[in-house]
Amino acid sequence: MLHFNRFVLNNGLRVLVHEDPSTPMAVINVMYDVGARDENPEQTGFAHLFEHLMFGGSVNIPDYDEPLQRAGGDNNAYTTNDLTNYYCSIPAQNIETAFWLESDRMLGLAFSKKSLEVQRKVVCEEFKEHYINKPYGDVWSKMRQLAYTTHPYKWMTIGKELSHIEKAQIQDVKNFFFKHYTPINAILVVAGNVTTPQVQQLAEKWFGPIPMGEKYVRNLPTEPEQKSPRLLEVKANVPVDAFVKTWHVASRLEKGYYITDLITEILGGGGSSRLYQSLVKEQQLFSNIDCYHFGSVDNGLIAIDGKLVKGVRMADADAAVQKEIEKIQQTLISNTELQKVKNKTESSIAFEDMSVMNRANSLAFYELLGDADLMNTELDKYHTITAEDIQAYAQQIFNPNNGNTLHYYSNNE
Amino acid sequence: MNRKISPNIVDAVDFDLQLKPYTLHTLDNGIQVYAIDAGAQEVTMIEWVFKAGNCFENKNIVAATTSFLLKNGTSSKTAFAINEHFEMYGAHLNRHCYNETASITLHSLNKHVHHLLPVVAEIVTDSVFPEEELAIYKQNQKQRLEVNLKKCDFIANRLIDEYLFGKQHPYGKYTSTLDYDAITQADIQQFFKTYYVNGFCTVFVAGKLASNLIEQLNHSFGQLPLNKQAIAFPQSLVLPTAEKKHRIINDANGVQGAIRLARPFPNRHHPDFAKVQVLNNVFGGFFGSRLMSNIREDKGYTYGIHAYLQNLIQASAWMVSTEAGRDVCEATISEVYIEMERLRNEPISNDELHLVRNFMMGSLLGHLDGPFQIIARWKSYILNGLDEQYFYNSLQTIKTVDAQTLQELANRYLQPDDFYELVVV
């Protein structure tokens, strides 16, 4: 049971405090309710580029990192398709420095042209490093475009193409900031060696005076139900063929999410998982294979992703995956297997919660979903899932009409 | 309230940092168990460290293969049964092979540990390395290697170590697909018998430890034929490459180059090591470093650039590592040399040094937070033959090393002629 206190400032900023006196550190986590899904389709990658610009100086403070480092703190940030999160960890005595820095960049950015110019280049290098200059680096860009016709999950957080990033203008940066980076659209979590009254006083002092801003009302196009299977075949300069297949699944708060999570464990969660045992070890069709999902807030994807053993035909690999899918649809999983995946889930939650940083991050995320207290009921939700639930849901999602297949061939024949 | 003025801070250099001492236990057969009992979650981490790294192998990749296949079958359990046993209890059993050592790490909820220890003991005494498992491993590892060989950073990491240490040295050698073909079941079984069954093991445990954990460990491991004799690390000759500058095209269509600049550097026992850690932080050791400020934050040549001392036991190397746009690789290298020159020619300002000291202390404080972090630091010290004095001396160095000393060190070590230089596109 994770304890926390919650209050809301007059400007709408939600503040959560998790006290843990066993650590000498404090964590300040600011989550903004904006991600790549909120981007204009002609300006993809912007939320992430913007995250970089948050380090380019704010209205009263020319440099974000320097004073934080001088106070013994460290920080980072990440952007996903759903949200943008900034976190720093600092010796608890110096926590006010983090309040000062974080509140100033919520108040206003410096909007420096130089920073935009440099960070455009940095992000282009990040794009190249992870998605262009790597074998199979474009798999997810292609798969997202295949699986989503309408919903903005169809592009990756980094952006659809380099040119979108290269074209970003300072006016776009300003508009984005004033639309999304306001107290009403943010969640502040303070965790570690702090007390609630102390955080209350500091939050009022530093964040209280920031104008509320307008609540961003998300109105995204929903992905229509997929009516027929989709297949994309690609040839690229890679050494071995790869197979990737996805199916649409439930959104984050639906029961289907928890079932999906358990299904990924049954199929691909380790050395005793079904796909590994059957396709890598017994049939030796794949050199590696995995099953996972993205934990997306809106309706997500479950994926099976593997590389073929050289000489294996794509059609055979595909058929063998399909056979495993049919197995989980047709035969109820045993109690032992169900217990196994639940035990794994219990254990990963316990290990995840060891770090104050993770706890702060999770609190912010569940608050973003609607209620931080959801964090404390997660495990129970997994426990209520039955073998029948899994079978029924597998029958629903692994419908061939709901599937998107990518055959990614090596051209080094 | 004036938002232009920073709140007062407590200088992290004034912190009185303590490294929580371990408790040391000895099992009946002499295995030493270092334990850190801390934390609030009911979890335990146990790491068995064997002297079974790649410096002991006579044939390439035998040590890593033995380590990898430890989970792939004993005389009474298949690979599947072993995996299922650990996963049934939500536990993770990982194995890693390094240059000197190879380790097996267990992460488990406390309530399940007693189901798992006997199977770990079975694995380290009775693994059989079935032919079938070895064949699958070879096939899949070769494919994996082929994929990695397409990556410029992977190639660069192999080559820079070869330049520094020579291809015969454990730190400089790497694997080809032919090496996988050459290993046999007998090679693996022999290595296992010598370096695991009759090998030398040290155990590190951390978490909110059960009161009878040591008893449990003694029950499963205290009677095994381990630690009967000391195993000495073989001495390998460092044979660096004569030619220092290398440019390699691995992918004609590549859009980035992996850049590595490196020079040999002594290990942690050298008196300059801790001081150079401070100098390295100024140079390229964190986000506010000079390399990052200049090459990423001013020029935008790269997503990230880092300098560090390699984490090796016998001898280290001072490394600068980045992936930069193909057309700015040479410009990046020039800027790295310019930053070396500045450190040689100008003393670091008090202000910058103050910042770096505080940052290092703050990050040390953060890195000692939690039982797993504390035991990781102790493990590193123990495997490097160091004690807690090293920790307290390092703290003292961070707090007191002066700009003049750092400038002298820059003149001693940051000489471009001493650096190997590599770009892989």
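Q: Which domains does the domain assignment of chain B give?
A: A quick heads-up: this is a predicted model, so local features need pLDDT of at least 70 and side-chain atom pairs count only at pLDDT 80 or more, while totals for chains, interfaces and linings use all residues. Residues are numbered from 1 along each chain as its sequence is written, with chains lettered from A and ligands numbered from 1 in the order in which they are written. The bounds come from an automatic or database domain assignment. For chain B, that gives domain 1 (23-221) and domain 2 (245-424).

Q: Which element brings the largest share of the side of domain 1 of chain B that touches domain 2 of chain B?
A: The contact (C-beta atoms, placed from the backbone, within 7 Å) takes 22 residues from domain 1 of chain B and 27 residues from domain 2 of chain B. Strands S2 (32-37), S3 (43-50) and S6 (201-207) and helix H5 (152-165) of chain B each supply at least two residues of the domain 1 side; helices (H or I, at least four residues) and strands (E, at least two) are DSSP runs numbered from the N terminus. With eight residues, the largest share comes from H5(B).

Q: How many residues does chain B give to the contact with chain A, and which element of chain A gives the most to its side?
A: Chain A puts 59 residues into the contact, and chain B puts in 60 residues. Among the elements of chain A that give two or more are helix H3 (95-107), helix H4 (113-132) and helix H12 (335-352). Eight residues is the top contribution on the chain A side, and it comes from H4(A).

Q: Is B:Lys208 buried, exposed or partly exposed?
A: B:Lys208 sits in the loop between S6 and helix H8 (213-221) of chain B. Buried means 20 or more other C-beta atoms (placed from the backbone) within 10 Å of a residue's own, exposed means 12 or fewer, and partly exposed is in between. B:Lys208 has 14 other C-beta atoms within 10 Å, so the label is partly exposed.

Q: How wide an arc do the buried residues of helix H7 (residues 170-180) of chain A cover?
A: The buried residues are A:Val173, A:Phe176 and A:His180. They lie on the same side of H7(A), whereas A:Gln171 and A:Asn175 are exposed on the other side. An α-helix has 3.6 residues a turn, so residues three or four places apart point the same way.

Methods:
Two residues are in contact if their C-beta atoms, placed from the backbone, lie within 7 Å. The arc is that of the directions from the helix axis to the C-beta atoms.
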